[in-house]
Amino acid sequence: MHADAVVLDIDGVLVDVANSYRRAILESIEHVHDRTIRREDIQQFKDAGGFNNDWELTYAAALYVLATGEGYDESIEAYTDGIAAEGGGLEAAEIVVRDRIGARATQRVTERWDRERLRDVFQQLYLGAELYRGLEGDEPDLETRGFIHDEPVILEAETRETLLERYDVGVLTGRPEAEAEIALERVGLDGDVPAEHRFTMDDWAEGKPHPKALVTLAERFDAETVVFVGDTVDDVRTAANAADADAERTYHGVGVLTGGLTGEEGRRKYDEEGAAAVLESINELADRLQR
């Protein structure tokens, strides 16, 4: 692949979030609603689409847990398939539940569905008490160390330097700005990717796979060809949507197998979405671009 600019997702690409964000999803639901889903179920929500925001994934999974107590008898797989059929995301999850158990039962579910508390617990578990005080501006009721400290770096220093030397490098992530800054500092990109070359949750309302952020970055780089590297099918869809929205440029969506999609099954799902390449990790990218 030729590229003028390389745009990178953070989670599952630059850092491993299996024991941070994904753990926070499971334990937030458990803490608030006493039951939770399985770790492997999280990927089914990601594959359904529309869950780049892990808070909203947490809400949708909690909705499923609560709905099973009101007569919802479908499996997680059927639930997430239904979400995908409705277009993905949290609103689709609400439609799937309501269609299955009816309006009255859904009302009883939503009365117990405490999204504000789920988000608050999620942030306390993920950030830990000290960072929570600083970033959320509130006093935690859980004294935790924070799962954010359990994010191994995937991006190797040699890969980082090669990409920075040869290409314009941007970041496109569903993280809030402050949490993105922490991760970028950890991987050594905070000083090399200025604010105008980043899009975080705080910079746009649409979220992936909407093409707005990727097209905007391409315009800011004045790039003819952009490679976007992510760890979900929504990331590949973002590149495809950008190509549809911006006929003046070429966009390549590249998937890595260091996030939720792994092994041959992960390769198959990326291929089905039309990924330009599937890499074992971000550290293969420079060589692939050289060829």
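The legends below describe close-up views of a predicted model.

Residues are numbered from 1 along each chain as its sequence is written, and side-chain values use heavy atoms, without hydrogens or water. Because the model is predicted, local features need pLDDT of at least 70 and side-chain atom pairs count only at pLDDT 80 or more, whereas totals for chains, interfaces and linings use all residues.

View 1. Six strands form an open sheet with parallel pairing, in the order E3-E2-E1-E4-E5-E6. Strands are DSSP runs of E with at least two residues, helices are runs of H or I with at least four, and both are numbered from the N terminus; two strands pair if DSSP finds at least two bridges between them. Strand E3 (198–199) and strand E6 (277–279) are at the edges with a single partner strand each, so one side of each has no neighbour in the sheet. Strand E2 (residues 168–172) pairs with E3 in the parallel sense over 2 bridges, and Arg198 in E3 is the bridge partner of Val171.

**View 2. Helix H9 on the sheet.** Helix H9 (residues 212–221) packs on the sheet and touches strand E1 (5–8), E2, E3, strand E4 (225–230) and strand E5 (250–256). Contact means heavy atoms within 4.5 Å. The direction of H9 makes about 160° with that of E2; axes are lines fitted to C-alpha atoms, for helices over the stretch in contact, and angles between N-to-C directions run from 0 to 180 degrees. Of the 10 residues of H9, 7 are buried, namely Ala213, Leu214, Val215, Thr216, Leu217, Ala218 and Phe221. Buried means under 20% relative accessible area, exposed over 50% and partly exposed in between (1.4 Å probe, protein chains only). The partners of these buried residues include helix H10 (233–245). Just after H9, Asp222 has a positive phi of about 55°.

**View 3. Strands E4 and E5.** E4 and E5 run parallel and are joined by 6 bridges, with Val229 opposite Val254 in E5. Thr225 lies in strand E4 and is buried at a relative accessible area of 9%. Leaving out residues up to four places away in sequence, Thr225 touches His2, Ala3, Asp4, Ala5, Thr250 and His252. E5 is largely enclosed by the rest of the structure, because 5 of its 7 residues are buried.

View 4. Pro194 is placed in the loop between helix H8 (177–187) and E3. Its relative accessibility is 31%, so Pro194 counts as partly exposed. The C-alpha atoms of Pro194 and Val171 are separated by 9.4 Å, with the two residues 23 residues apart along the chain.

**View 5. Helices H3 and H5.** The axes of helix H3 (residues 54–67) and helix H5 (residues 90–112) come within 10 Å and cross at roughly 50°. H3 is therefore oblique to H5; angles under 35 degrees count as roughly parallel, over 145 as roughly antiparallel, 65 to 115 as roughly perpendicular and the rest as oblique. Among the residues that meet are Tyr59 and Leu63 of H3 and Val97 and Ile101 of H5.

**View 6. Helices H1 and H3.** Helix H1 (residues 21–33) and H3 have axes that come within 10 Å and cross at roughly 40°, which means that H1 is oblique to H3. The contact involves residues including Ile25 and Ile29 of H1 and Ala61 and Val65 of H3.
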